[in-house]
Amino acid sequence: MPTPPFIVELRTHIGHAPLWLIGVTAVVIRDDEVLLVKRADNGVWAPVTGIVDPGEEPADAAVREVAEETGVTAIPVRLAWVHVTAPVTHVNGDQAQYLDHVFVLRWVAGEPYPADDESTAARWCARTALPDMPERMTARIDAAFAAGATTRFEWSRSP
């Protein structure tokens, strides 16, 4: 499902105006591999991303998005990074900005395939042999592989 129904309803009222949304990035790890999808809207390779539904826990959204987009079953291990994305204008003209939660997930079962119309390919990639992708996506993967159990966050204030 490319656009959640609650956003479609909001867009009937606000058109393409900027919308603040809660997002998730699911970095699914299997040994030294990471799960990637090739997005249908722009052809970019990326970890699975998605929008948190109203009332949904962000970790549950990450698990759901992985299953919906790739057919893979994974479980959340930790929250790696919380950050605000740059404003984006989607292919259809909708403007949005996301409070993104980057989760590390552990693979449980399944081999990836493009399970819905949001991606044209899905595959495991060695972390050392990632395809070309925007820095904003490699930064999310780097945060997931960073050692330790602390969550990275952005802070714009100085002491």
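Apart from its neighbours within four places in sequence, R140 is in contact (heavy atoms within 4.5 Å) with T25, V27, T49, W81, H83, T85, D100 and V102. The model is a predicted one, in which local features need pLDDT of at least 70 and side-chain atom pairs count only at pLDDT 80 or more, whereas totals for chains, interfaces and linings use all residues. Residues are numbered from 1 along each chain as its sequence is written, and side-chain values rest on heavy atoms, with hydrogens and water left out.

R140 belongs to helix 3, where helices (H or I, at least four residues) and strands (E, at least two) are DSSP runs numbered from the N terminus. Because its relative accessibility is 6%, R140 counts as buried, a class that covers residues under 20% relative accessible area, with exposed meaning over 50% and partly exposed in between (1.4 Å probe, protein chains only). M137, A139, I141, A143 and A144 of helix 3 are buried as well, and the buried residues of this helix pack against strand 1, strand 2, strand 3, strand 4, strand 5 and strand 7.

Beyond its neighbours within four places in sequence, L36 is in contact with residues including W45, A46, P47, M133 and I141.

The largest pocket is lined by 44 residues, among which R39, D41, T49, H90 and Y98 lie nearest its centre. Helix 1 (5–14), strand 4 (48–51), helix 2 (58–70), strand 6 (88–89) and helix 3 are among the elements that each supply at least two residues of this lining. Here a pocket is, on a 1 Å grid over the protein atoms alone, an open set of points where a 1.4 Å probe fits, with protein on both sides within 12 Å along at least five of seven lines, and lining residues have an atom within 4 Å of a point.
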